[in-house]
Amino acid sequence: MSVQPEEAPAPPAPAAAAQLLAQLRADRRADTWVPAFERDWAKALEDSRHTYSLTPLHDVVRTWQLRLAAAPAVDAYLDSGRDETGFVALDDVLGARR
């Protein structure tokens, strides 16, 4: 029997972070995404050193894989020319952030 719960996601492949970074560098958003990924990775690496767990690193890889996978859909939405002028700004609903 496995100690892990059934809903636990499988860990990313060992080379997943390097492959992901290569994909981010090839993307048109590389100027902003690569530094953000590297910042997230460095924090997760530090967290992993303190906790002796690879979970923070796996979480960063999964998060960035999802962002990269969602990028074409976001681009298509933004390029569709949908008019969003009738919507209410979130700050107007929630109030100014402190």
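Tutor: A helix here is a DSSP run of H or I of at least four residues, and helices are numbered from the N terminus. The model under discussion is predicted. Y52 is placed in the loop between helix 2 and helix 3.

Student: Is Y52 buried or exposed, and how do you know?

Tutor: The relative accessibility of Y52 is 77%. Exposed means over 50%, so Y52 counts as exposed.

Student: What makes the phi of Y52 worth a remark?

Tutor: Phi is near 60 degrees at Y52, which is a positive value in a residue other than glycine.

Student: Which residues does D40 contact, apart from its neighbours within four places in sequence?

Tutor: With those neighbours left aside, D40 is in contact with V60, W64 and R67. From D40 to V61, the C-alpha to C-alpha separation is 9.4 Å, while in sequence they are 21 residues apart.

Student: How do you know whether helix 2 is roughly parallel or roughly antiparallel to helix 3?

Tutor: The two helices pack at an angle of about 160 degrees, and their axes are 8 Å apart. Angles over 145 degrees count as roughly antiparallel, so helix 2 is roughly antiparallel to helix 3. Their crossing is right-handed. By class, this contact has 13 nonpolar, one polar and three charged residues.

Student: What makes up the contact of helix 1 with helix 3?

Tutor: From helix 1, A16, A17, L20, Q23 and L24 meet V61, W64, Q65 and L68 of helix 3. By class, seven of the residues in this contact are nonpolar, two are polar and none is charged. The axes of helix 1 and helix 3 come within 10 Å and cross at roughly 30 degrees, and the crossing is left-handed.

Student: Why is a set of residues called a nonpolar core, and which residues have the most contacts inside the largest one?

Tutor: The name applies because the residues are buried, belong to a list that includes Leu, Phe and Trp, and are joined through side-chain atoms within 4.5 Å. The largest such core has 17 residues, and L20, L24, W33, F37 and W64 have the most contacts inside it. Helix 1 (16-26), helix 2 (30-51) and helix 3 (55-79) each supply at least two residues of this core. Beyond its neighbours within four places in sequence, F37 touches A17, L20, L21, L24, V60 and W64. In soluble globular proteins, nonpolar side chains tend to be buried together.

Technical notes:
Residues are numbered from 1 along each chain as its sequence is written. This is a predicted model: local features need pLDDT of at least 70, side-chain atom pairs count only at pLDDT 80 or more; totals for chains, interfaces and linings use all residues. Side-chain values use heavy atoms; hydrogens and water are left out. Buried means under 20% relative accessible area, exposed over 50%, partly exposed in between (1.4 Å probe, protein chains only). Contact means heavy atoms within 4.5 Å. Axes are lines fitted to C-alpha atoms, for helices over the stretch in contact, and angles run from 0 to 180 degrees between N-to-C directions. Angles under 35 degrees count as roughly parallel, over 145 as roughly antiparallel, 65 to 115 as roughly perpendicular and the rest as oblique. A crossing is left-handed if the near helix is turned anticlockwise from the far one by less than a right angle, and right-handed if clockwise. Ala, Val, Leu, Ile, Met, Phe, Trp, Tyr, Cys and Pro count as nonpolar, Asp, Glu, Lys and Arg as charged, and the others, Gly among them, as polar.
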